[in-house]
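I set out to record what can be read from the coordinates, entry by entry. I begin with the overall division and then turn to individual positions.

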Amino acid sequence: MRAIDHHPVRLRRSVLSVPADNQRALAKVRELAADAVIFDLEDSVSPDRKAAARDALVRHLAGNRPQGETVIRVNAAGSGFGEADLAAALAARPDAILLPKVESPADIQGALDWLSERDAPDELRLWAMIETPRGVVNGPAIAETGRTSGGRLDCFVVGLNDLRKETGVPALPGRTYLVPWLMQILLAARGSGLDAIDAVFNDFRDPEGFEAECRQGRDMGFDGKMLIHPAQIDAANRHFAADEAAVEEARAIIEAFALPDNAGKGVINLHGRMVERLHLEQAMKIAAKADIIEKRKAKS
């Protein structure tokens, strides 16, 4: 099957990472305006705290879920912690499980098989961290596992800290020399209908630098940014939201294709501009995200 339209439309402008063993951070998450929260069992939790973090996270999520998507980042399959993390994630019932250091389709397939054997709910999704040279090179093949209707894979998250460490590329302003890899990851994701989340900005005390990187990531085409601090949420939500003009244009395209005279047409004339059905697909996604934002504002 080559279906790429089964991926749910979600807001993923701001994706906040929170250590699963940080009780103070966990207690604040419910009130934050992040579109998604990654509860991290991997890098931010020391080996001697893994079991305690798993137990604490399951207890916490039983009665305290964030407003947006709930995502649990597990340890890799070969780490000695991966299977216990997956079991805890199933018990916590997140929206998605984030797999770290994904380097090949086999990494995705292994998780798919594990979840299938345990009758995981169909709506449980997978996200993949692309943070190694092999992961970047194999990005298209990894993304391909998300094209089937049962693939679960929804999203790539870029991990530049690990990628810098493995390649020796320095953390220069503007992410010089890293931009080609960022675009390569984005292209792989889009080729299979996946979302793509830009990497963290490490210095949360530098709001100007963060905003500049948000603008860069938005202009590259990323859906949002992974965050390390709640202070970064508002800027990410602002920069990665479609502006008013783009939303108006999207609604106009949808209305135009819905007219009886345009039924079945692949290309239409909209205000003197040729618009194809591929633009309709884009427009529907933009409008759906705008509707989600409007509903959230109405509730607040």
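Entry 1. Terms. I take helices and strands as DSSP runs numbered from the N terminus, a helix having at least four residues and a strand at least two. The model is predicted, and I read its local features only where pLDDT is at least 70.

Entry 2. Glu131. I looked up where Glu131 sits: it is in the loop between strand S5 (125–130) and helix H5 (133–137). Its relative accessibility is 1%, so I class Glu131 as buried, the cut-off for that word being under 20%. I then listed its contacts, leaving out residues up to four places away in sequence, and found Pro100, Lys101, Gly159, Asp162 and Leu163. I also noted that a polar atom of the Glu131 side chain lies 2.7 Å from the backbone nitrogen of Lys101.

Entry 3. Asp162. I located Asp162 in helix H7 (residues 160–167). With a relative accessible area of 11%, Asp162 is buried. Beyond its neighbours within four places in sequence, I find Asp162 in contact with Asp43, Lys101 and Glu131.

Entry 4. First annotation. I consulted the UniProt record, an unreviewed entry, which places a "binding site" feature at Glu131 and Asp162. I checked the pockets next: Glu131 and Asp162 both belong to the lining of the second largest pocket.

Entry 5. Second annotation. Which positions carry the other "binding site" feature that I looked up in the unreviewed UniProt entry? The record gives Arg73 and Glu131. They are spread over 59 residues of sequence but cluster in space, with a largest C-alpha distance of 13.8 Å. The lining of the second largest pocket includes Arg73 and Glu131.

Entry 6. Arg73. I placed Arg73 in strand S3. Is Arg73 buried or exposed? I record Arg73 as buried, because its relative accessible area is 6%. Residues up to four places away in sequence aside, Arg73 touches Ile38, Phe39, Asp40, Leu41, Glu42, Asp43, Leu98 and Met129.

Entry 7. Helix H2. I compared the length of helix H2 (residues 50–63) with expectation: at 1.5 Å a residue its 14 residues should span 20 Å, and the end C-alpha atoms are 21 Å apart, which agrees. I listed the buried residues of H2 as Lys50, Ala53, Arg54, Ala56, Leu57, His60 and Leu61. These buried residues pack against helix H1 (23–29), strand S2 (36–40), strand S3 (69–73) and helix H3 (82–92).

Entry 8. Asp35. I found Asp35 in the loop between H1 and S2. Its relative accessibility is 0%, so Asp35 counts as buried. I then asked which side chains Asp35 meets through polar contacts. One is Arg13, where the side chains make a polar contact of 2.7 Å. Another is Arg296, whose side chain is joined to that of Asp35 by a polar contact of 2.6 Å. The contacts of Asp35, with residues up to four places away in sequence left out, are Leu11, Arg12, Arg13, Ser14, Gly68, Glu69, Asn237 and Arg296.

Entry 9. Domains. I noted that the domain assignment gives domain 1 (14–240) and domain 2 (244–298). The C-alpha centres of domain 1 and domain 2 lie 30 Å apart.

Entry 10. Helix H11. I applied the length check to helix H11 (residues 244–258): its 15 residues should span 21 Å at 1.5 Å a residue, and the end C-alpha atoms are 21 Å apart, in agreement. Val247, Ala250, Ile253, Ala256 and Phe257 are buried in H11. I looked up what covers these buried residues, and found strand S9 (267–270), strand S10 (273–276) and helix H12 (277–299) among the elements included.

Technical notes: Residues numbered from 1 in each chain as written. Predicted model: local features only at pLDDT ≥ 70, side-chain atom pairs only at ≥ 80, totals over all residues. Heavy atoms only, no water. Domains from an automatic or database assignment. UniProt positions renumbered as here; feature names shortened; annotations may be inferred. 1 Å grid on protein atoms, 1.4 Å probe; cavity = no way out; pocket = protein on both sides within 12 Å on 5 of 7 lines; lining within 4 Å. Buried < 20%, exposed > 50% of the residue type's maximum accessible area, 1.4 Å probe, protein only. Contact = heavy atoms within 4.5 Å. Polar contact = N/O pair within 3.5 Å; in protein donor to acceptor, adjacent residues only side chain to side chain. Expected span 1.5 Å × (residues − 1).
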